[in-house]
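Hi there,

Here is the structure I promised to hand over. Have a look at it first, and then read on for what turned up.

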Amino acid sequence: MCVSCRQMFDRRELLRVVKSPDGVVSVDVTGKKNGRGAYICSNPKCIDKSAKGLLGKHLGCEIPPQIYEEIRSAYGDKKQS
Ligand SMILES: [Zn+2]
């Protein structure tokens with residue numbers, strides 16, 4: 001489920017952002033990283049919303065700005081292929 005629009009999606013259509021047990025936030029393209037995860041769909045509105053604090057709220061920490069760039073570029077790459 002997307003944390004922003006709360007719609008159900010196939011796992012392949014969502015991107016997982018993970019906070020590892022030691023507090024490091026990363027974009028989990030494999031879906032196999034340990035830690036607390038939040039899913040975001042490819043809707044640009046959802047990515048914007050997550051960037052406005054939703055993701056940080058969900059994971060309970062500050063999200064580095066480059067994470068959102070990674071999310072955008074990950075979805076950008078998907079559209080091209
Ligand atoms: Zn969404």
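Ile63 touches Val25, Leu55, Gly56 and Tyr68, leaving aside residues up to four places away in sequence; contact means heavy atoms within 4.5 Å. Before you go further, please note that this is a predicted model, where local features need pLDDT of at least 70, side-chain atom pairs count only at pLDDT 80 or more, and totals for chains, interfaces and linings use all residues. Residues are numbered from 1 along each chain as its sequence is written, and side-chain values use heavy atoms, with hydrogens and water left out.

Ile63 also belongs to the largest nonpolar core, which has 21 residues; Val17, Ile40, Leu55, Ile63, Ile67 and Ile71 touch the most other members. Such a core is a set of buried Ala, Val, Leu, Ile, Met, Phe, Trp, Tyr and Cys residues joined through side-chain atoms within 4.5 Å, and buried means under 20% relative accessible area (1.4 Å probe, protein chains only). The largest share of this core, 5 residues, comes from α2. Helices here are DSSP runs (H or I, at least four residues), and strands are too (E, at least two), numbered from the N terminus.

Now the metal: Cys2, Cys5, Cys41 and Cys46 coordinate the zinc ion through their SG atoms at 2.3 Å. Donors are N, O and S atoms within 2.8 Å of the metal (3.2 Å for Na, K and Ca). Cys2, in the segment before β1 (14-19), and Cys41, in strand β3 (residues 36-41), are 39 residues apart. Both Cys2 and Cys41 are buried.

Enjoy exploring!

How values were computed
Buried < 20%, exposed > 50% of the residue type's maximum accessible area, 1.4 Å probe, protein only.
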